Amino acid sequence: DDGGDDSGGDGAATASMIAIANYGLRTRFSADALALADAAGPAPAKGRDDFRELSLVTIDGADARDFDDAVWAEPDPDAANPGGWHLMVAIADVAWYVRPGDGLDLCAHERGNSVYFPDRVVPMLPEALSNGWCSLVPGEERPCMAVHLWIDASGGLIRHLFKRGLMRSTARLTYEQVQAATDGDPDETTKPLLKTVIEPLYGAYRALEKDRV
């Protein structure tokens, strides 16, 4: 059992199983890996920065099944950087749960990545981690690895700083939701986030776009 969702219908399920067989994808975890995943729990706050009050949000496709990274931005309060931005990108701290050489590490190394099909996922890590402690579920405290980025008004990187932290995702958003809110049609989820979360993210994006162009 790969822990996937068979909601895509018999045709999709058959195609997925054929692909899994053809490419020799591993669908079973070792007993050691499963035991480590099932025993996982909250990471200690000691030694981590507290990001729980920041309005970090995940933005993914509507059919996303796990939430790996979150973003946040604000105008840089530093008067020496007019028009600049302070950004944060936070990802799930998988390394806290997967230690070099343990059963989880060995299984993940065999897979290399998760594989997504229309009706299921063949995950790199057991579900207790991939959809649990390593998924940035809204409203749930999660350990994370984060990078602070300070950019100028033209999107040039001024400095950056990596931190281990503890975060709580404010919302699980989709690309369509965020675009609609920016275009003047927010829904009940995005309306309260428009001014404080979405507009600053778009401001930082526009600066980065200048640099890219």
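Biologist: Which helix and strands are included in what covers the buried residues of H7?
Modeller: This is a predicted model. The residues of H7 that are buried are Leu194, Val197, Ile198, Pro200, Leu201, Tyr202, Gly203, Ala204 and Ala207. Their cover includes helix H6 (175–182), strand E2 (57–60), strand E3 (69–75), strand E4 (85–92) and strand E7 (141–151).

Biologist: What distance separates the end C-alpha atoms of H7?
Modeller: Helix H7 runs over residues 194–212, which makes 19 residues. At 1.5 Å a residue the helix should span 27 Å, and the distance in the model agrees with that: 25 Å.

Biologist: Which residues of H6 are exposed on the other side from its buried ones?
Modeller: The buried residues of H6 are Gln177, Val178 and Ala181. They cover an arc of only 95° around the axis, so they sit on the same side of H6. What covers them includes E2, E9 and H7. On the other side, the exposed residues are Tyr175 and Glu176.

Biologist: Which residue with a positive phi follows H6?
Modeller: The phi of this residue is near 100°. The residue is Gly184.

Biologist: Is Thr58 buried or exposed?
Modeller: Thr58 is part of strand E2. Leaving out residues up to four places away in sequence, Thr58 touches Phe67, Asp69, Ala70, Leu136, Ser169, Ala171, Arg172 and Leu173. The cut-off for buried is under 20% relative accessible area. Thr58 has 0% relative accessibility, so it counts as buried.

Biologist: What is the relative accessibility of Asp69?
Modeller: Asp69 belongs to strand E3. Beyond four places in sequence, Asp69 touches Val57, Thr58, Ala90, Ile91 and Leu136. Asp69 counts as partly exposed because its relative accessibility is 33%.

Biologist: How far apart in space are Asp69 and Cys134?
Modeller: In sequence, Asp69 and Cys134 are 65 residues apart. From C-alpha to C-alpha, the distance is 9.9 Å.

Biologist: Which residues does Thr174 touch, not counting residues up to four places away in sequence?
Modeller: Thr174 lies in strand E9, residues 171–174. At 12% relative accessibility, Thr174 counts as buried. The residues that Thr174 touches are Ile59, Asp60, Gly61 and Ala62.

Biologist: What is the C-alpha to C-alpha distance between Thr174 and Thr189?
Modeller: Thr174 and Thr189 are 15 residues apart in sequence. In space, their distance is 11 Å.

Biologist: Why do the buried residues of H1 line one face of the helix?
Modeller: The buried residues of H1 are Ala13, Ser16, Ala19 and Ile20. Viewed down the axis of H1, they line one face because they fall within an arc of 130°.

Biologist: Which exposed residues are on the face of H1 turned away from its buried side?
Modeller: Helix H1 has 13 residues, 10–22, and reaches 18 Å from its first C-alpha to its last, close to the 18 Å expected. The cover of its buried residues includes strand E6 (121–122). The face turned away from the buried side carries Asp10, Gly11, Ala21 and Asn22.

Biologist: In which loop is Arg48 placed, and is it buried or exposed?
Modeller: The loop lies between helix H2 (31–38) and strand E1 (49–50). Outside four places in sequence, Arg48 is in contact with Ala43, Asp93, Trp96, Pro143, Cys144, Arg164, Gly165 and Leu166. The relative accessibility of Arg48 is 11%, so it counts as buried.

Biologist: What separates the C-alpha atoms of Arg48 and Met167?
Modeller: Along the chain, Arg48 and Met167 are 119 residues apart. The separation of their C-alpha atoms is 9.8 Å.

Biologist: In the whole protein, what percentage of contacts between residues at least 6 apart in sequence join residues at least 24 apart?
Modeller: The protein has 7 helices and 9 strands. Of its 213 residues, 41% are buried. For the contacts in question, the share is 68%.

Biologist: How far apart are the centres of the positive and negative side chains?
Modeller: The protein has 20 positive and 35 negative side chains. The C-alpha atoms fill a box of roughly 55 × 40 × 35 Å along the principal axes. The centres of the two charge sets lie apart by 5 Å.

Notes. Residues numbered from 1 in each chain as written. Predicted model: local features only at pLDDT ≥ 70, side-chain atom pairs only at ≥ 80, totals over all residues. Heavy atoms only, no water. Helix = DSSP H or I, 4+ residues; strand = E, 2+ residues; numbered from the N terminus. Buried < 20%, exposed > 50% of the residue type's maximum accessible area, 1.4 Å probe, protein only. Contact = heavy atoms within 4.5 Å. Lys, Arg positive; Asp, Glu negative; His and termini not counted. Charge placed at Lys NZ, Arg CZ, Asp CG, Glu CD. Expected span 1.5 Å × (residues − 1). Arc of directions from axis to C-beta.
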